[in-house]
Amino acid sequence: MRCGKPIPDTMLGRSIITILAVALNALMMLQLHAERIGQSVDIHPLDQLRRFVALEDPALRFALAGGLILGLLCGLMGSFLVVRKLSLVGDTISHAVLPGVAAGFLWNMEKDPVAILIGATTAGLLGMVLVTQLTRRTRLKEDTAMGMVLAGFFGIGICMMGMIQRLPTGSKSGIDKFLFGQAASLGWGDIQLMSVVGLLVLILILTFYKELLTTSFDPQFSGSIQIPVHTIEHGFMLLLAFAIVISLEAVGVVLVSAMLIIPAATAYLLCDRMHWMLFWACLIGMIAGAGGAFFSFLGQKLPTGPFMVLSASGLFALALAFAPRQGLVSRWWARHARSSRIRRENALKSIFHVLEKEHFAREGVTLIDLAHSRSQTLHETEKTCRELTRAGLASIAHEEKAVYLTPEGMRRAQTIVRNHRLWERYLTDAANYRPDHVHDDAEEIEHVLGEATVRMLERQLNFVDRDPHGKPIPSIQDISGQPKNRNPDGMTGYHTPS
Amino acid sequence: MMNLILPWDWQRVVIEPWTSGAEIYGWILLMGFLISATCGLIGNYLILRRMALIGDAISHSVLPGMAVAFLVTSGWKNAGDQLGATANLQEGLLHGWPILLGAILAGMVTSLLIELIHHRSRIKQDAAIGITFSTLFALGVVLISLFADKVDLDADCILHGEIAFIPLEPFLSVGGWAVAPLPVIQMLGVASLTVLGIGLFYKELLISSFDPGLAKATGIRVRWIHYGLMVWLSIVVVSAFESVGAILVIAMLILPGATASLLSQSLRTMLGISVVHALLSSLGGLHLAIWLDTSIAGSMVVAGSGLFMIAWFLSPTQGLLKQRGKAGAVG
């Protein structure tokens with residue numbers, strides 16, 4: 001039994017998570033239906049659902065494509081942000097772009113994607129430069145500088161938008177959609193721009209994956225192997241600003257940062273390797289992007305951004321609870337399973353000890369004897385024995401108030417006693433412990449010794465058959481019920497049970 | 001382009017607000033000053049305790065609390081209408097409480113969720129903050145969009161608010177003599193309680209902000225101070241919400257304190273400077289907004305940022321001019 005690579009389990013866990021996520025989305029969909037049925041009279045939600053699935057509407061196709069590209073990009077960039085502990089930089093940039101959006105609009109008084117892209121990227125980068133300068137040149141800390149730049153730039157942007165709204169062309173420009181996002185307002189031009197920028201970001205990340213990875217986790221090391229750390233970081237910030245800006249129209253200024261952080265954080269809970277994290281973050285981002293486009297399509301003129309964020313948060317909550325290794329519920333369950341296994345093993349051990357004291361004269365142990373040896377009440381002992389019975393390790397004979405071990409129970413009891421005594425022997429022989437100091441240590445390690453370690457210990461201790469207190473150590477033949485191998489050269493012919 | 005930036009008209013921009021428009025602009029200025037002074041005072045402590053981004057988080061996440069409170073009270077209001085209870089002022093005060101309560105609850109939920117995610121999983125604090133507040137904010141926006149008829153908040157206005165729309169109608173009158181509009185009175189109450197709280201707990205706040213270990217050793221309950229500050233922050237944010245919105249309130253919280261910390265090293269002076277900053281930025285912002293005919297709260301933030309930049313240039317210890325001079329002297 002090797003404890004190194006439980007790959008099949010993890011895969012199973014992952015697929016279960018995915019299925020659950022899909023199910024949750026479906027559930028949320030149903031609930032939303034219920035609400036919309038009560039509210040809207042003119043558009044039936046089932047019709048909307050049919051239209052969504054059929055993708056008849058070009059606006060809907062654009063919205064869906066926009067959501068997917070956005071999710072992919074935000075997942076990619078966000079993963080690097082989260083592992084670099086820069087999560088709130090995305091928040092700062094996304095708020096700081098607002099004056100740039102307004103300036104890009106003022107350039108030629110219409111919603112020109114390219115002008116807005118240039119303006120917004122410039123504003124975002126300017127904000128980042130200001131944050132760096134403020135932290136470097138004043139006593140202000142980074143969080144203060146980020147909060148100030150974020151809100152100050154946003155204030156300027158709000159003023160400029162107020163001025164634009166006053167203009168005759170501005171009031172119907174749809175520039176106010178940049179606050180919460182409206183995927184339905186995406187046009188063919190927007191999608192083209194998003195795809196080009198998205199492809200560019202994707203190619204650059206794949207090309208410089210190794211450099212990004214090293215600078216993210218160990219900047220000093222990457223400096224020492226001639227990676228231009230500063231260039232990589234500035235390039236990364238530029239890409240981040242691009243990704244944020246092209247996501248703006250679909251998800252809105254306020255919630256872009258959420259789409260950067262939440263899918264990446266969810267992925268962070270699900271796996272340990274960066275490339276897997278990128279994969280999961282992109283997948284979750286895309287699910288959330290499509291989900292947001294879908295939910296906002298169900299109602300009229302509902303903003304897209306909040307729905308995308310809520311879809312992503314739903315997945316995050318699931319991962320927080322049920323992620324195979326990191327989830328709160330999974331960890332609680334693992335802890336619970338471990339402690340009840342230890343409880344069972346200790347009970348088996350006590351039964352074995354009682355049997356051994358009577359030199360295995362009887363097959364069963366009376367509950368009274370057992371309770372006596374464990375210093376428990378009869379009631380507690382009976383409860384433990386019922387637990388053993390449920391696990392198929394023992395059976396209770398009610399008329400004579402005794403408990404009998406099943407063959408499997410006997411095997412497990414012997415294993416645990418062997419682990420205990422072997423470890424005691426190891427501590428006295430190899431680590432020079434005094435024999436009266438070894439019991440407590442062995443009491444804990446007996447539950448976690450793997451079969452491979454036991455083989456190693458036996459070889460190292462030259463196949464001893466007595467513990468330091470003179471009690472016999474059950475051998476593999478006792479445990480597996482095979483006849484003793486009287487091989488003179490000491491080889492026991494063990495086979496490792498798989 | 002010409003009608004984007006309106007021509008500077010001395011009469012319209014500077015004189016009229018104080019003559020014919022004084023009735024309205026006076027209250028707006030007072031409201032703006034009260035909000036930015038209150039936020040600035042509490043913001044000083046946020047900056048000192050490196051909690052500027054927690055302020056960011058709470059300012060976003062009071063939204064669902066408010067939305068839920070609106071939903072709950074709209075049920076009561078209907079019941080009240082059927083009973084025929086229309087006492088104007090009392091109703092206003094009565095309906096203020098659930099919203100305050102909702103905001104406090106939302107603030108506490110935010111703090112606890114951030115701690116849960118941060119301590120119980122391997123996610124770092126910054127990501128935990130980002131996840132929590134954006135989720136709650138999105139929830140608030142969705143609630144508001146779905147129940148637009150029941151929630152008295154405008155989805156676009158929750159970001160930047162509009163100080164010009166504060167209702168001047170229900171005047172609080174004492175003995176038949178109108179004193180001030182109700183929102184201004186409420187804000188005045190919050191502001192005076194803030195000043196009172198800082199005055200009473202000045203020493204505790206000071207020690208626990210600079211040296212939590214010492215504070216603990218001298219018997220100050222650091223955690224209680226922390227949660228008290230969070231609750232008070234939620235109250236301040238929610239009372240400023242309708243006027244300045246979720247994001248500009250961050251500027252109101254941080255800008256005065258940041259400016260003050262460039263100009264002074266002593267906490268007392270910093271608190272004083274942030275009040276002066278609040279006064280100047282609301283005055284400047286009001287005139288800027290009238291000149292450019294745009295959002296008043298936004299203009300106040302722009303004016304405050306301008307003041308910060310001036311302070312950054314001229315600061316006696318950390319100013320850009322000073323550093324330039326030093327670099328010249330060394331070179």
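**Notebook: chain A against chain B**

I began with one pair: Arg122(B) and Asp272(A) join their side chains in a salt bridge, 2.7 Å from N to O. I counted a salt bridge when a side-chain nitrogen of Lys or Arg lies within 4 Å of a carboxyl oxygen of Asp or Glu. The count between chain A and chain B is one salt bridge.

Ground rules next. This is a predicted model, where local features need pLDDT of at least 70 and side-chain atom pairs count only at pLDDT 80 or more, while totals for chains, interfaces and linings use all residues. Residues are numbered from 1 along each chain as its sequence is written, chains are lettered from A and ligands numbered from 1 in the order in which they are written, and side-chain values use heavy atoms, with hydrogens and water left out.

**The interface**

I looked up polar contacts across the interface of chain A and chain B and got 13 residue pairs, both residues at pLDDT 80 or more. The rule wants a pair of N or O atoms within 3.5 Å; within protein, one must be able to donate a hydrogen and the other to accept it, and residues adjacent in sequence count only if both atoms are side-chain atoms.

Which elements does chain A bring? Those giving two or more residues to the side that touches chain B include H1 (7-39), H6 (113-137) and H16 (328-357) of chain A. H7(A) gives the largest share, 17 residues. I took helices (H or I, at least four residues) and strands (E, at least two) as DSSP runs, numbered from the N terminus.

The contact (heavy atoms within 4.5 Å) takes 61 residues from chain A and 63 residues from chain B. About 5,400 Å² is buried between them, with carbon and sulfur atoms giving 73%. That area is the accessible area (1.4 Å probe) that two parts lose on being put together, summed over both. Arg139(A), Arg166(A) and Phe180(A) supply 11% of what chain A buries against chain B, more than any other three residues.

**The chains**

Chain A has 22 helices and three strands; chain B has 13 helices and two strands. Buried residues (under 20% relative accessible area, 1.4 Å probe, protein chains only) make up 51% of the 498 residues in chain A. In chain B, 51% of the 331 residues count as buried.

I also checked H4(A): 10 of its 10 residues are buried, so H4(A) is largely enclosed by the rest of the structure. Among the buried ones are Asp91(A), Thr92(A) and His95(A).

Terms used: Buried means under 20% relative accessible area, exposed over 50%, partly exposed in between (1.4 Å probe, protein chains only).
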